[in-house]
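This report describes the pockets, a surface patch and selected loop residues of one protein model. The sequence and structure follow.

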Amino acid sequence: MRVLLKLTLDCTPDAAWRALRSPALLREVVAPWLDFSSLEAGGLPTTWPEGPHRVRALAFRRFPAGEEIVDVSYPGGLPTGVRMLRDGGGVLTGPLSVFDRWDHRMAVSELPDGRTLYRDQLLAGAGAWDLVAWYPTWAFWQWRGMRLRQLAPGWSYDPPGTADAEAASGTDPSDHGRERFVRSQ
């Protein structure tokens, strides 16, 4: 089965890319239907590094629904300005293990007005259950798309070297090495 999304997000591509690589965003866009907790010693990372990550799925953010592998890669060879995250993992146990194939790709690029073009493609297989699984999967992807559009205006990205990035890190070049404490908002 194939499920697609193509959305305009009201944020910059840098902000969208930063959010897309965050496990926190995954948890936000699947709520309240699902949640994920890490099965690895260090917990969920701040940003997905390449490689496999074992997680537990929780239905309605509470009930164990199986184990999954989020297998992250960042494919290269893309057109200029396009960044992509690929999850080639899959479900190991639980009701969603009906999916025997999982290839989820999310890409961002800049639109002429500075906003973000977000493209999302899920190629999944559930064998004999494909016809039954397609509509709920499609509906869930529409939910994800709606959540992405709702959350995107609040995303920001402060590249290294900017005043906002310096303030967030708690350093100020004018302090000449003295510590500076920044109150979190």
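In which loop is the place of Pro 95? Pro 95 is placed in the loop between strand 6 and strand 7; strands (E, at least two residues) and helices (H or I, at least four) are DSSP runs, numbered from the N terminus. The model is predicted, so local features need pLDDT of at least 70 and side-chain atom pairs count only at pLDDT 80 or more, while totals for chains, interfaces and linings use all residues. Residues are numbered from 1 along each chain as its sequence is written, and side-chain values use heavy atoms, with hydrogens and water left out.

**Loop residues**

| Residue | Relative accessible area | Class |
|---|---|---|
| Pro 95 | 62% | exposed |
| Phe 60 | 53% | exposed |
| Trp 33 | 39% | partly exposed |
| Arg 61 | 37% | partly exposed |
| Pro 45 | 26% | partly exposed |

Between C-alpha atoms, Pro 95 and Glu 67 are 9.9 Å apart, with 28 residues separating them in sequence. Pro 45 belongs to the loop between strand 2 and strand 3 (51-59). Its C-alpha atom is 7.0 Å from that of Pro 23, and the two residues are 22 apart along the chain.

Most residues other than glycine have a negative phi, and most peptide bonds are trans. In the loop between strand 3 and strand 4, Phe 60 has a positive phi near 55°. Arg 61, found in the loop between strand 3 and strand 4, has a positive phi near 65°. The peptide bond joining Ala 31 and Pro 32 is cis, with omega about 5°. Pro 32 is located in the loop between helix 2 and strand 2.

**A nonpolar surface patch**

Trp 33 lies in the loop between helix 2 (23-30) and strand 2 (34-38). Together with Phe 60 and Phe 63, Trp 33 makes a nonpolar surface patch of about 350 Å². Patches consist of residues with over 30% relative accessible area and no salt bridge, where like charges are joined within 9 Å and nonpolar side chains (Val, Leu, Ile, Met, Phe, Trp, Tyr) within 5 Å. A salt bridge is a side-chain nitrogen of Lys or Arg within 4 Å of a carboxyl oxygen of Asp or Glu. Accessible areas come from the Shrake-Rupley method with a 1.4 Å probe.

**Pockets**

On a 1 Å grid over the protein atoms alone, a pocket is an open set of points with protein on both sides within 12 Å along at least five of seven lines, and lining residues have an atom within 4 Å of a point. A volume is the space filled by probe spheres set on the points.

The largest pocket has a volume of about 730 Å³. Its lining comprises 34 residues, and those nearest its centre are Leu 34, Phe 36, Trp 102, Phe 140 and Trp 141. Elements giving two or more residues to this lining include strand 4 (63-73), strand 7 (101-110) and helix 3 (130-151). Helix 3 gives the most, with seven residues. By class, the lining of the largest pocket holds 26 nonpolar, five polar and three charged residues; Ala, Val, Leu, Ile, Met, Phe, Trp, Tyr, Cys and Pro count as nonpolar, Asp, Glu, Lys and Arg as charged, and the others, Gly among them, as polar.

The second largest pocket has a volume of about 220 Å³. Among its lining residues are Arg 18, Arg 21, Leu 25, Thr 46 and Trp 155. Helix 1 (residues 13-20) gives the most to this lining, with three residues. The lining of the second largest pocket divides into four nonpolar, four polar and two charged residues.

Notes:
Buried means under 20% relative accessible area, exposed over 50%, partly exposed in between (1.4 Å probe, protein chains only). On a 1 Å grid over the protein atoms alone, a cavity is a set of points where a 1.4 Å probe fits but cannot get out, and a pocket is an open set with protein on both sides within 12 Å along at least five of seven lines; lining residues have an atom within 4 Å of a point.
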